[in-house]
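Good morning, colleagues. Please turn to the structure that I am about to show.

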Amino acid sequence: LRKVMVGVGAFGAFGIGMTGAMLYAQTNPNEEVSLAQRDAVWEQLAESYDAKIAQTEMSTGINKQRRTLLQHAKGRVLEVGAGTGRNLEHYTNAVTKLTLTDRSPEMCKTLSDKLTPLPDGSLAITAADGTIIPVEVASTDVLELTQQPDVYDTVVDTFGLCSFEDPAAALDAMLQQCVPGGEVGIIITCCAPTSNVLYHLQVLLLEHGQSSWAFPVNSYLNWRAANHAKDWGCWWNRPIATYVQAAVDNNSCDVLEHEEFHFGTGHKFRLRRSRQAALD
């Protein structure tokens, strides 16, 4: 038995050593990965993306995180970096209209294939209770959102800050979409155009990036960041909490909720555009 255990241990050590050597040989932590390269990755991944990550998202609790976050989405909702539409099943009848945007035309095409065409030619999704939610899809970069005049009650971004070229500017663009409307005297809430219900103007974020406390994990993320960007188009070692804190320090938003998961590398935020930002 002892010989067997020694043999198994030696085989396991050999396997770990070989895997480590292969990762080391394939890794260049200083390699540059351009936006054009990452654009190409998203275009190539669009058709197979769901199949590649569905099981992982289920087993690691990401699906649950999406569902619990999107329970807060209300009124006119803008989702940026919508990808292949992995959030669609989690929107509730509290949403009156849904606008989905993504930089990748192929991602938007895959997303649109999941929507229901209506007799008038428009698109929609159906909430769990049967409510029809009208949907619009646009292939656009998050930084172009400031050119759009629409006012949204909720802005959603799940795993987008790791992909946007300028994440701090992207977060600022999201916050700018939450502009007070309806009742001028109400700064932190607005009246949805299709109802008399007042909603918090909010940004909902579900992201992955650096851990705030598991520093050995950060070392690994930094080491493999360029490889991950080449494979998936995103930088998984970005300091997500730092971007949010900078927005808070600039009086751009208030944090309503922040939850960390996956050894602190996962972040779930509910943000509300601040009173001062709205006045400015």
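Predicted model: local features only at pLDDT ≥ 70, side-chain atom pairs only at ≥ 80, totals over all residues.

I begin with helix α8, which spans residues 240-249. Which of its residues are buried? They are I240, Y243, V244 and A247. Viewed down the axis of α8, these buried residues fall within an arc of 95°, so they line one face of the helix. The general rule behind such a pattern is that an α-helix has 3.6 residues a turn, so residues three or four places apart point the same way.

What covers that face? The cover over the buried residues of α8 includes α6 (167-176), together with the strands β9 (202-208), β10 (253-261) and β11 (266-273). After α8 comes N251, with a positive phi near 60°.

Let me turn to the helix pair. The axes of α6 and α8 lie 10 Å apart, and the two helices pack at an angle of about 50°. They are therefore oblique to each other, and α6 passes α8 in a right-handed crossing. On the α6 side, the contact is made by P167, A168, L171 and L175; on the α8 side, by Y243, V244 and A247.

Finally, the cysteines. How many disulfides does a search of the whole structure find? It finds zero. For C162, the nearest cysteine sulfur is that of C234, 3.9 Å away, whereas a disulfide would require the sulfur atoms to be within 2.5 Å. C162 counts as buried, at 1% relative accessibility. C234 is buried as well, with a relative accessible area of 7%.

Terms used. Residues numbered from 1 in each chain as written. Heavy atoms only, no water. Buried < 20%, exposed > 50% of the residue type's maximum accessible area, 1.4 Å probe, protein only. Helix = DSSP H or I, 4+ residues; strand = E, 2+ residues; numbered from the N terminus. Arc of directions from axis to C-beta. Contact = heavy atoms within 4.5 Å. Axes fitted to C-alpha atoms, helices over the stretch in contact; angles between N-to-C directions. Parallel < 35°, antiparallel > 145°, perpendicular 65-115°, else oblique. Left-handed = near helix turned anticlockwise from the far one by under 90°.
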